Amino acid sequence: MRPVPVAIVASVLALGCGSSSSDRGARPEPAVRAPVAESESESEAEAASEAEAETEAETEAVAETVAAPPRDPDAPLPCPPREQWPEGMACVLGGTFTIGEERGRPDEREPGEVYVDTFYMDLTEVTNEQYERCIDRGLCDRPIPFRGFMRPSQPMVAVSWYDAVDHCEMLGKRLPTEAEWERAASGPDDTRYPWGDEPLGCERAHVKDGRGEGCGRQRTLPVGSMEPGHFGLYDMAGNVHEWVADWYSPCLRGCEGECGDACFGRNPRGPCDGESPCPGYGLRSVRGGSWYWPLERARASARRGSGAPNRGPHRFGFRCARDLAAPAPNAGPSEEEAAQ
């Protein structure tokens, strides 16, 4: 493109500074052209018309540049309009926050700065009904049933880390990383709980209190029974511990076997970038607390590790995440296809 004439830039800036509302957005009147002499050739008239059109296009380009400065490439992408979100998922706005808590348990120390990109996350923990589709397709094993925990709308429990991975991949999704999970739980203001900093207990989380496990019910609740927290996500504190993608480390920094730089910086994935094998690490991380533990274990930064096969088993569940970009064609069937 040719350089934009100075006069055109001045004209556009003048338009943006006008005090009359009727002047906003108005284009400058094109210069009045002298009548074409009878001796002027047709080709000369066409050239003049093309030059006028080019001048108008340059004016619009300058106005657009003045009105909309380029986006900061280091800033997280904004969430798309809600109608574009995948069914059953919420958009978690990315950004920079602090992972871990200095006054928390030893494995939450020492906290540090983390950045994660904007991503999607399941609104709720995966239910027994949803997990049944993975069993029907022969992709997931049926775990040991626990009486009182098998209603279709209750969260899936006693699942292994491997089956959680397979279920998410079946839907073109994945397990969230520890950093993503903590961002979703602590929210844009980096709070201790998914609703804020107040320890509200069974008012907002299905945990153990003075009445016993599960706020005295001794079992999990159907997903979404409590009020949602940050980003509209349900049960990010309590109900069931949730598998995440990372290898578990006994601390973030400052101990033998620390996670170190692998847990900080931009979009961290933990030791060995989450891949297997990972020498020195044998457990995977779970997050979020559960019906069985008190509220202190349901803080946004609280961590726990367990063997991926989940022999025993612990009554762990999970939820899935997804990048903003559409999944790769070989990532598996869509959620609608999986439901058929």
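Colleague: In what order do the three strands of the open sheet lie?

Modeller: Please keep in mind that this is a predicted model. The edge strands, each of which pairs on one side only, are S2 (95-99) and S6 (265-266). The pairing in this open sheet is mixed, and the order of its three strands is S2-S3-S6.

Colleague: In which sense do S2 and S3 pair, parallel or antiparallel?

Modeller: In general, the strands of a sheet pair through backbone hydrogen bonds, and this can happen in either sense. Here Thr96 stands opposite Tyr115 in S3. Strand S3 covers residues 112-116, and over five bridges its pairing with S2 is antiparallel.

Colleague: How is the aromatic pair of Tyr193 and Trp195 arranged, stacked or edge-to-face?

Modeller: Two values describe such a pair, namely the distance of the centres and the angle of the planes. Planes under 30 degrees apart count as stacked. For Tyr193 and Trp195 the centres are 5.1 Å apart and the planes make an angle of 5°, so the pair is stacked.

Colleague: How many residues apart in sequence are the parts that Trp243 and Phe316 tie together?

Modeller: Trp243 and Phe316 form an edge-to-face pair, with 5.2 Å from centre to centre and 90° between the planes, and both residues are buried. Because Trp243 lies in strand S5 (residues 242-247), whereas Phe316 belongs to the loop between strand S8 (303-306) and strand S9 (321-323), the pair ties together parts whose separation in sequence is 73 residues.

Colleague: Over the ring of which residue does the charged end of Arg297 sit?

Modeller: Ring pairs link a cluster that includes Phe146, Phe149 and Trp293. The charged end of Arg297 is 4.2 Å from the centre of the ring it sits over, which belongs to Trp293.

Definitions and conventions: Residues numbered from 1 in each chain as written. Predicted model: local features only at pLDDT ≥ 70, side-chain atom pairs only at ≥ 80, totals over all residues. Heavy atoms only, no water. Pairing = 2+ DSSP bridges. Helix = DSSP H or I, 4+ residues; strand = E, 2+ residues; numbered from the N terminus. Phe/Tyr/Trp six-rings, centres within 6.5 Å; stacked < 30°, edge-to-face > 60°. Buried < 20%, exposed > 50% of the residue type's maximum accessible area, 1.4 Å probe, protein only. Lys NZ or Arg CZ within 6 Å of the ring centre and 35° of its normal.
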